[in-house]
Amino acid sequence: MKPLLIGGLIVLLVLSGCMQGKQEEWSVPDLVDVDIQVEEHIPADSKTVLRAYVTQGEEDVDDAEEVVFEVWKDQERDAGELIEGTLDADGVYAIPYEFGEDGIYIVQTHVTARDLHVMPTQMIIVGDVSEDEIEAFHNAGNTQINEEQSPFHDSEEE
């Protein structure tokens with residue numbers, strides 16, 4: 001019985017020694033990040049360009065499988081539009097868009113890149129919207145205005 005136990009221990013030691021030399025290191029890829037770049041306040045019935053800057057870590061993502069912009073007026077998501085974006089610059093996907101009537105709108109991007117899928121949203125105020133309407137929107141737990149300035153924030157309209 002003892003020789004069998006000792007033999008088993010030797011086999012386990014040899015196997016564990018072999019496995020230590022062949023351990024593979026796993027690295028977790030950086031998440032795909034999307035920065036929706038759009039003016040926070042747009043006049044009604046005006047044309048603008050909606051942009052999404054897609055990165056992974058420090059790298060611009062120019063090879064996204066899909067970048068779709070979904071735009072709807074608050075409380076009217078079923079009437080929203082889905083528009084596929086095109087690569088406009090390093091990591092920047094864009095669509096031209098014309099907002100209609102006054103109101104609070106939501107832009108959501110559906111980005112699939114490098115086996116990851118992200119769907120951030122951004123609120124846009126179009127035309128004349130009262131402070132009460134904006135406050136009610138926020139109090140309902142909806143999307144917040146993006147406080148950060150994007151590099152395209154002050155760019156000319158196309």
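Colleague: Why is Arg 114 called partly exposed?

Modeller: The relative accessible area of Arg 114 is 24%, and the label follows from the cut-offs, since buried means under 20%, exposed means over 50%, and partly exposed is what lies in between (1.4 Å probe, protein chains only). The value of 24% falls between those limits, and Arg 114 is therefore partly exposed. This is a predicted model, in which local features need pLDDT of at least 70 and side-chain atom pairs count only at pLDDT 80 or more, while totals for chains, interfaces and linings use all residues. Residues are numbered from 1 along each chain as its sequence is written, and side-chain values use heavy atoms, with hydrogens and water left out.

Colleague: What makes the phi of Arg 114 worth a remark?

Modeller: Phi of Arg 114 is near 55°, which is a positive value in a residue other than glycine. Most residues other than glycine have a negative phi. Gln 75 is another case, with a positive phi of about 75° although Gln 75 is not a glycine. Gln 75 sits in the loop between E5 and strand E6 (81-84), where helices (H or I, at least four residues) and strands (E, at least two) are DSSP runs numbered from the N terminus. With a relative accessible area of 69%, Gln 75 is over the exposed limit and is therefore called exposed.

Colleague: How do you know that Arg 114 and Glu 59 form a salt bridge?

Modeller: A salt bridge is a side-chain nitrogen of Lys or Arg within 4 Å of a carboxyl oxygen of Asp or Glu. The closest N and O atoms of Arg 114 and Glu 59 are 3.3 Å apart, so the pair meets that limit. This pair links distant parts of the chain, with Arg 114 in the loop between E9 and strand E10 (116-118) and Glu 59 in strand E4 (residues 59-60), 55 residues apart. Glu 59 has a relative accessible area of 44%, and is therefore counted as partly exposed. Glu 59 also has Gly 91 at 8.3 Å in space, C-alpha to C-alpha, although the two are 32 residues apart in sequence.

Colleague: What makes Glu 59, Asp 63 and Arg 114 a network?

Modeller: The three residues are linked by salt bridges, and besides the pairing of Arg 114 with Glu 59, the side chains of Arg 114 and Asp 63 meet at 3.2 Å, N to O. Here too distant parts of the chain are linked, since Arg 114 is in the loop between E9 and E10 while Asp 63 is in the loop between E4 and E5, 51 residues apart. At 46% relative accessibility, Asp 63 is therefore partly exposed.

Colleague: Why is Lys 73 called buried, and which residue does Lys 73 pair with in a salt bridge?

Modeller: The relative accessible area of Lys 73 is 18%, which is under the limit for buried residues, and so the label applies. Lys 73 forms a salt bridge with Glu 101, the closest N and O atoms being 2.5 Å apart. The pair links distant parts of the chain, with Lys 73 in strand E5 and Glu 101 in the loop between E8 and E9, 28 residues apart. A search of the whole structure finds five salt bridges.

Colleague: What makes a group of residues a nonpolar core, and how many residues does the largest one have?

Modeller: The term stands for a set of buried Ala, Val, Leu, Ile, Met, Phe, Trp, Tyr and Cys residues joined through side-chain atoms within 4.5 Å. The largest such core here has 23 residues, and those with the most contacts inside it are Leu 50, Phe 99 and Ile 124. At least two residues of this core come from each of strand E1 (32-37), strand E3 (47-56), strand E5 (66-73), strand E8 (92-98), strand E9 (103-113) and strand E11 (121-126). E9 supplies the largest share, four residues.

Colleague: How many helices and strands does the protein chain have, and what part of the chain is buried?

Modeller: The secondary structure comes to two helices and 11 strands, and the pattern read along the sequence is α-β-β-β-β-β-β-β-β-β-β-β-α. Of the 158 residues in the protein chain, buried residues make up 35%.
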